[in-house]
Amino acid sequence: MSSSQRAEGSHGFFFKQYISRRNLLMDFIIRFERALSHQRQKELVADHVDAFEVAQCILPMPMNKQMATLYTRTMFQKFEQELIQSTACFVELKTEDASKVVFNVSERKNWETRVAEVVYVKDSDHASCSCKRFEFVGIICKHILALFRRDQIEYMPDKYILKRWKKTVKSGLVSDANGNEIKDSADPGLLIKRSTMSRLASDVVEDALMSEEGCELLSKTLKSLHVKLKLLKDGPSNNEVGGSSSQTQYMKDPKRVRCKGRSKRVTGAKEKAMKRGIRHCRECGHIGHDRRQCPRNLNTP
């Protein structure tokens with residue numbers, strides 16, 4: 001699964017971690033479903049983290065704390081890196097007129113000075129950068145953040161906060177092209193169950209760490225519980241007594257058929273005789289008959 005398109009190429013790279021060209025048909029289906037299951041599991045874990053945890057801010061700035069409460073964990077980490085890098089940028093006024101102001105934002109990196117151009121339009125109160133990071137990624141770049149820091153803007157304006165990076169993006173309704181609501185296939189109570197069991201497991205681990213006996217007891221109990229949960233997940237096997245194997249149908253790989261190519265033409269008896277060679281009569285030496293049909297023998301009384 002490879003493509004020159006960016007989205008399809010990333011999808012191909014994701015599935016290549018689970019499948020290969022050597023997999024049979026059933027192996028491919030099982031591994032494909034496993035990849036989707038892992039992806040959904042990671043998304044549920046990320047939703048749980050965003051719903052019940054707040055990211056720790058490296059920089060004690062009001063804008064950084066604001067974005068920690070709005071952005072998801074992954075996007076906040078990207079934004080915080082841009083905010084940290086903006087502290088090493090220097091803003092210089094280039095030109096100014098009645099409609100816009102142009103700034104040169106320089107950055108020293110790897111013994112090389114890189115300059116980006118930030119244009120601020122007065123009428124629309126909007127800033128854009130020549131790096132086009134906000135247009136392509138959807139996060140304000142370090143050059144515009146350096147301009148905000150110069151103008152002492154403590155909080156991010158709403159126009160630069162895209163809805164798709166917020167924690168509350170799944171709380172609204174999602175519609176298709178026809179305006180119909182698209183419902184999430186995941187169980188809405190799964191996050192609540194995960195949160196409850198995670199807190200219970202955390203309390204049990206904290207109590208077990210108080211003594212060596214508690215650690216051994218918890219380890220044995222978890223191993224036994226893991227085996228039982230695995231059997232419950234896999235279900236009864238076909239070899240067990242009373243198991244109904246007729247209810248489960250398994251798809252097998254198709255039989256491999258060797259390509260035979262074009263069929264050969266059926267040859268007649270005369271053509272076969274000609275291929276073997278022209279036969280001569282042993283009695284008279286002529287062709288067209290054998291010794292038993294030779295005219296000499298027939299004419300002899």
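Which residues does the UniProt annotation "domain: SWIM-type" cover? According to the unreviewed UniProt entry, this annotation covers residues 117–152; UniProt positions are given in the numbering used here, feature names are shortened, and annotations may be inferred rather than shown by experiment. The model is predicted, with local features requiring pLDDT of at least 70 and side-chain atom pairs counting only at pLDDT 80 or more, while totals for chains, interfaces and linings use all residues. Residues are numbered from 1 along each chain as its sequence is written, and side-chain values use heavy atoms, with hydrogens and water left out.

Over residues 117–152 the chain is 36% helix and 25% strand, where helices (H or I, at least four residues) and strands (E, at least two) are DSSP runs numbered from the N terminus. The end C-alpha atoms of this stretch are 19 Å apart.

Four strands form an open sheet in the order S1-S2-S3-S4, with antiparallel pairing; two strands pair if DSSP finds at least two bridges between them. Strand S1 (89–96) and strand S4 (126–129) are the edge strands, each pairing on one side only. Strand S2 (residues 100–109) pairs with strand S3 (residues 112–121) in the antiparallel sense over ten bridges. Lys-100 stands opposite Val-121 in S3.

Val-169 lies in the loop between helix H6 (142–150) and helix H7 (190–208). Val-169 counts as partly exposed because its relative accessibility is 30%, between buried (under 20% relative accessible area) and exposed (over 50%), with a 1.4 Å probe and protein chains only. Not counting residues up to four places away in sequence, Val-169 touches Lys-163 and Arg-164, contact meaning heavy atoms within 4.5 Å. Val-169 and Tyr-71 are 98 residues apart in sequence and 9.8 Å apart in space, C-alpha to C-alpha.
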